[in-house]
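Here are my notes on the model, point by point. Please read them with the structure open.

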Amino acid sequence: CAQTIFFGGLIYNSAILPVKAAILIEWMRIFSPRARNPFWWICQIILWVNVLYYIAATIVEARQCSPQEKVWNPLVQGGYCLDTRTVELTSSSINVVSDLIILLAPQHVIWRLQISKAKKLGVALIFAVGLL
């Protein structure tokens with residue numbers, strides 16, 4: 001079970017980066033196709049922070065114990081493991097902040113559109129649900 005969780009974490013880190021990158025790139029195309037406005041810069045910053053973070057997170061997760069078998073078999077003698085509690089807390093904090101920024105970034109642009117409030121609410125909810 002622990003071995004499955006270990007490999008699942010590596011797969012997650014490898015899969016979620018392209019998903020978040022695709023969302024941000026698509027939103028830059030939709031909301032600022034020709035301008036490098038504040039929304040575009042926020043998306044760029046979050047995109048590159050996520051790229052760097054997920055590369056680092058994958059490396060840290062893959063190398064969290066030496067020998068690696070110690071990750072799923074605590075009876076292995078010798079070696080060392082990182083403090084997984086600190087790694088998980090840091091990882092989850094970065095993910096929550098990143099997800100909130102991705103959720104909130106287009107809201108300012110959506111609410112400035114010249115459409116009815118009901119349509120603005122509908123569009124805002126579609127983007128919120130789409131992110132979930």
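**Notes on the predicted model**

1. Searching the whole structure turns up 1 disulfide. The model is predicted. The bond runs between C65 and C81, with an S to S distance of 1.9 Å. It ties together distant parts of the chain: C65 sits in strand β1 and C81 in strand β2, 16 residues apart. The link of C65 and C81 is right-handed, with 115° about the S-S bond.

2. The two cysteines of the pair have their own burial classes. C65 has a relative accessible area of 4%, under the 20% cut-off, so C65 is buried. C81 has 36%, between 20% and 50%, so C81 is partly exposed. Another cysteine, C43, is at 1% relative accessibility and therefore counts as buried.

3. Now look at K70. This residue lies in the loop between β1 (65–66) and β2 (80–81). K70 is buried but has no salt bridge. The nearest side chain of opposite charge is E69, 10 Å away. What does the side chain of K70 reach? The backbone oxygen of G78, at 3.3 Å.

4. Setting aside neighbours within four places in sequence, K70 contacts C65, V76, G78, G79, Y80 and C81.

5. Helix α3 covers residues 84–111. Its 28 residues, at 1.5 Å a residue, should span 40 Å. The end C-alpha atoms of α3 are 41 Å apart, so the length agrees. Which residues of α3 are buried? They are N95, S98, I102, A105, P106, Q107 and I110.

Definitions and conventions:
Residues are numbered from 1 along each chain as its sequence is written. This is a predicted model: local features need pLDDT of at least 70, side-chain atom pairs count only at pLDDT 80 or more; totals for chains, interfaces and linings use all residues. Side-chain values use heavy atoms; hydrogens and water are left out. Helices (H or I, at least four residues) and strands (E, at least two) are DSSP runs, numbered from the N terminus. Buried means under 20% relative accessible area, exposed over 50%, partly exposed in between (1.4 Å probe, protein chains only). Lys and Arg count as positive and Asp and Glu as negative; His and the chain ends are not counted. A salt bridge is a side-chain nitrogen of Lys or Arg within 4 Å of a carboxyl oxygen of Asp or Glu. A polar contact is a pair of N or O atoms within 3.5 Å; within protein, one must be able to donate a hydrogen and the other to accept it, and residues adjacent in sequence count only if both atoms are side-chain atoms. Contact means heavy atoms within 4.5 Å. The expected span of a helix is 1.5 Å times one less than its number of residues. A disulfide is a pair of cysteine sulfur atoms within 2.5 Å.
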